[in-house]
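Here are a few exercises to work through with the model open on your screen. Try each task before you read its solution.

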Amino acid sequence: MEKKLFGTDGIRGVANKEPMTAETALKVGMALGRLIHAADGGQPAGAVLVGRDTRVSGSMLEAALTAGICSMGVHTLSTGILPTPAIAYLTKTMRGSAGAVISASHNPYQDNGLKFFFSDGFKLSEALETEIENLVHGPVTELSCPIPEGIGVAEHLVDALTRYVVFLKSCFPASVDLSGFKVAVDGANGAAYRAAPQTLEELGASVVTTAVSPDGKNINAGCGSLHPEGLQRLVLETSANVGIALDGDADRVIFVDEKGVVVNGDQIMGLIAWDMQGRGILNSNTVVATVMSNIGLEAALKDIGAHLVRTAVGDKYVVREMREKGFNFGGEQSGHLIFLDHTTSGDGMLSALQVIRVMVETGKPLSELAARVTMFPQVLKNVRVKSRRDLGTIPPVTAVIHEAQGRLKDNGRILVRYSGTELLCRVMAEGENEDVVNSVVDMVVDAISQHV
């Protein structure tokens, strides 16, 4: 059965429209509660930790989700506004049955979403998502509620923020002194608007901020990881050593160097891999990234005797590959970085601290460290299609793709894939010569337009 609720990263949509309605959130909470109760043999289970970002719709959805969970006899602990990775961390360390996050990440405030973590702090498997979906869409009798004495209790975890900040600080060496080190922080008016500056200040850094005054509607609005322009200006105006731009739920981060230049996730993965390889702690000399990572990262890793393993787009696929093969570092070009030696999910602040540590320990500016990865020209274009036909069965398209790869030669690549949510085909190419890259993308786009 094709899933109707869960996408690549939980459930997401426009608030107060299906599937992001209070009614559906209630049913999802009931389904989650039922699965937890069943897994524990009907015995009292650990609480579900529930957190959210700053969207105006967050409190409505939290109330509905919490009601559904409690109605099935499972307790909840509300953390209030807190980053997604904090929920993952607290779920594991507090031995919760699950963690739930109400957020639409980098999307505008009109959207919202639900994503869940298992008791081990990792995101739910697709099998468990399907079970929840089947219960939501199944007969009402499948969600029968316990007697009054068995109803769950909803409580607040008053020190959730403090616990998370303490965790972040524990991942930063006590021997590294941040006095005199200035960090510009763009909090995206999102979930980390308090946690990010507080953590850095407690570590001794000088902090200047922007987008840390959420009003429920300004999350990601012209700020955050997708809009770093304001942070670039702030870095230059304040002579900051580095700028960090988080997204709405703070599971990703984009950096700005001391010259006001944006440094993307591939460049950051390259410098972290260089550091970990040098310290002998990069498991199997391998970094895990997605098919979208620039070929320049692959070349930089070869230079230090490391390898790049690619997965499908989505941090959950990166984490899955890391767990299955025993790798400890990976991420996405978009700024999701995963340090499995420290935590179970992408964490923007943890990533920022690791980069700052390398800067201070080496005494080198971010511009110099990021230059270890030479980014190849990369072009991505979308073309609307009538259906998602197997491209391998369309000879005129396969012929053009083969020709395009031939023109890029061994120092380039072309990637053609369908969007998972829209009737679009994404054509991406990269190589040493920008004119050639643009040319091959256009030829493939034209072929797809004509034949798909």
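**Exercise 1: cysteines**

C223 counts as buried because its relative accessibility is 7%, where buried means under 20% relative accessible area, exposed over 50% and partly exposed in between (1.4 Å probe, protein chains only). This is a predicted model, where local features need pLDDT of at least 70, side-chain atom pairs count only at pLDDT 80 or more, and totals for chains, interfaces and linings use all residues. Residues are numbered from 1 along each chain as its sequence is written, and side-chain values use heavy atoms, with hydrogens and water left out.

Task: is C425 buried or exposed?

Solution: C425 has a relative accessible area of 0%, so it's buried.

Next, count the disulfides (pairs of cysteine sulfur atoms within 2.5 Å). You get zero.

**Exercise 2: cores**

Task: which residues touch the most other members of the largest nonpolar core?

Solution: Start with the rule: a nonpolar core is a set of buried Ala, Val, Leu, Ile, Met, Phe, Trp, Tyr and Cys residues joined through side-chain atoms within 4.5 Å. The largest core has 68 residues, and V183, L200, I244, F255, I268, I272 and L366 touch the most other members.

Now zoom in on I268. Ignoring neighbours within four places in sequence, its contacts (heavy atoms within 4.5 Å) are F255, V263, L337, V355 and L366.

Finally, look for a second, separate core: this one has 27 residues, including F6, V28, V48 and L61.
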